[in-house]
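Morning, everyone. I have one model to show, so let me put it on the screen.

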Amino acid sequence: MGTNVFDREWDALIVLDTARVDALREVADEYDFITDVDSIWSTGGASAEWLARTFDEAHAEEIRETAFLSAQSHIQEVLDTKVHETDSSRPLPFKTLRLMPSVDIDELDKAEYLFKFETVGEEGPFGHTEGNTPPRYATDRGIAVGRQRDPDRLMIQYHQPHTPWFSQALAEDRELKYHEYDWRNYYYDTGDTDRIWEAYMSDLRYVLDEIEILLNNLDAERVVITADHGEAFGEYGVLGHKLGSVHPKVRKVPWIETSAVDHETHEPTVEEPDRSKMSREELDHKLEALGYKV
């Protein structure tokens with residue numbers, strides 16, 4: 001079943017998407033806030049499963065003390081509209097989430113839909129039109145909510161280093177390349193893992209740079225950096241991640257303990273998003289662009 005993060009002690013939890021333990025260990029010496037990379041077993045093999053198993057009824061008391069800011073659109077599907085319980089057209093693995101009773105989104109102290117900023121195909125100041133929600137939105141909203149609300153528990157979910165990997169394209173002012181937006185088929189066609197790993201690690205550093213800003217502008221004694229799940233890059237013949245996966249590169253995730261002090265070196269410019277729901281068509285378009293089958 002894995003370790004539910006609400007069974008651990010933390011004031012702020014930073015959740016990455018598809019971050020592997022070995023990847024964090026590879027870059028640890030580049031960041032002062034990473035002194036040791038431990039690991040836990042995740043509660044899910046994909047984001048939706050992690051959400052359903054983590055925000056379960058057994059942890060309702062802790063969840064009521066938590067402000068959850070998420071750049072991952074599954075928060076709307078799993079905790080708000082609960083489409084796995086109501087939409088019979090969803091794929092079978094997604095519908096199995098109904099077997100994992102989760103709380104309603106209103107049980108949270110606060111919830112923010114950061115995935116509504118700069119969605120795929122939209123222009124914006126921080127990201128790439130072919131990419132996913134840029135990390136700056138999560139950083140800015142984490143700082144703002146930490147300062148203004150000071151919740152007992154603050155959970156911030158970034159989308160990086162999940163595909164499409166766009167940090168290099170953004171830096172070079174170009175469109176995404178084949179391996180950056182469709183790495184699985186690129187791998188099938190070329191067998192080239194070096195280029196895939198380089199792009200993945202670039203987006204990992206991209207989000208860690210943002211986390212460094214966050215940690216210098218937030219007061220939290222106990223901060224943990226972890227991931228909802230990892231990613232398989234061909235180990236044991238597996239690519240990617242999926243609901244129900246028990247692959248060690250998918251289910252084993254980093255657990256990094258650090259702290260944060262607000263030195264007031266950054267002033268957020270991103271305003272609070274409203275929680276109006278995206279339509280099914282908008283969500284499906286976004287999820288398909290990110291490589292999910294819907």
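Ground rules. This is a predicted model, where local features need pLDDT of at least 70, side-chain atom pairs count only at pLDDT 80 or more, and totals for chains, interfaces and linings use all residues. Residues are numbered from 1 along each chain as its sequence is written, and side-chain values use heavy atoms, with hydrogens and water left out.

The sheet. Seven strands make an open sheet, ordered E2-E9-E6-E1-E5-E3-E4, with mixed pairing. Strands, like helices, are DSSP runs numbered from the N terminus: strands are E with at least two residues, helices are H or I with at least four. Two strands pair if DSSP finds at least two bridges between them. Which strands stand at the edges? Strand E2 (38–41) and strand E4 (110–113). Each has a single partner strand, so one side of each is left without a neighbour in the sheet. From one strand to the next, the twist averages 20 degrees. Axes here are lines fitted to C-alpha atoms, for helices over the stretch in contact, and angles run from 0 to 180 degrees between N-to-C directions.

Now helix H7, residues 135–148. H7 packs on the sheet and touches E3, E4 and E5. Contact means heavy atoms within 4.5 Å. The direction of H7 makes about 170 degrees with that of E5.

Look at E5 itself, residues 153–157. Five of its five residues are buried, meaning under 20% relative accessible area; exposed is over 50%, partly exposed in between, with a 1.4 Å probe and protein chains only. Arg-153, Met-155 and Gln-157 point one way, Leu-154 and Ile-156 the other. In general, side chains of a regular strand alternate between the two faces of the sheet.

E5 has parallel partners. Strand E1 (residues 12–16) joins E5 through four bridges, with Ala-12 partnered by Leu-154. Strand E3 (residues 66–70) joins E5 through five bridges, and there Leu-69 has Ile-156 as its partner. E1 also pairs in the parallel sense with strand E6 (residues 220–227), over five bridges. Val-15 stands opposite Thr-226 in E6.

Next, the loop residue. Arg-20 lies between E1 and helix H1 (21–27). Is Arg-20 buried or exposed? Buried, with a relative accessible area of 3%. Leaving out residues up to four places away in sequence, its contacts include Trp-197, Tyr-200, Glu-231, Phe-233 and Glu-235.

Now the rings. Rings of Phe, Tyr and Trp (its six-membered ring) pair if their centres lie within 6.5 Å; planes under 30 degrees apart are stacked, over 60 edge-to-face, the rest tilted. The count is 19 aromatic pairs. Tyr-31 and Phe-33 are tilted, at 5.5 Å centre to centre and 50 degrees between planes. Both are buried. Phe-166 and Tyr-206 have centres 5.6 Å apart and planes at 85 degrees, so that pair is edge-to-face. The pair links distant parts of the chain, 40 residues apart: Phe-166 in the loop between E5 and helix H8 (167–172), Tyr-206 in helix H11 (residues 193–215). Both of these are buried too. Ring pairs also link Phe-6, Trp-10, Trp-50, Phe-55 and Phe-68 into a cluster.

Last, charges over rings. The rule: NZ of Lys or CZ of Arg within 6 Å of the ring centre and within 35 degrees of the ring normal. Arg-153 has its charged end over the ring of Trp-10, 4.5 Å from the centre. Arg-8 sits likewise over Trp-255, at 4.9 Å.
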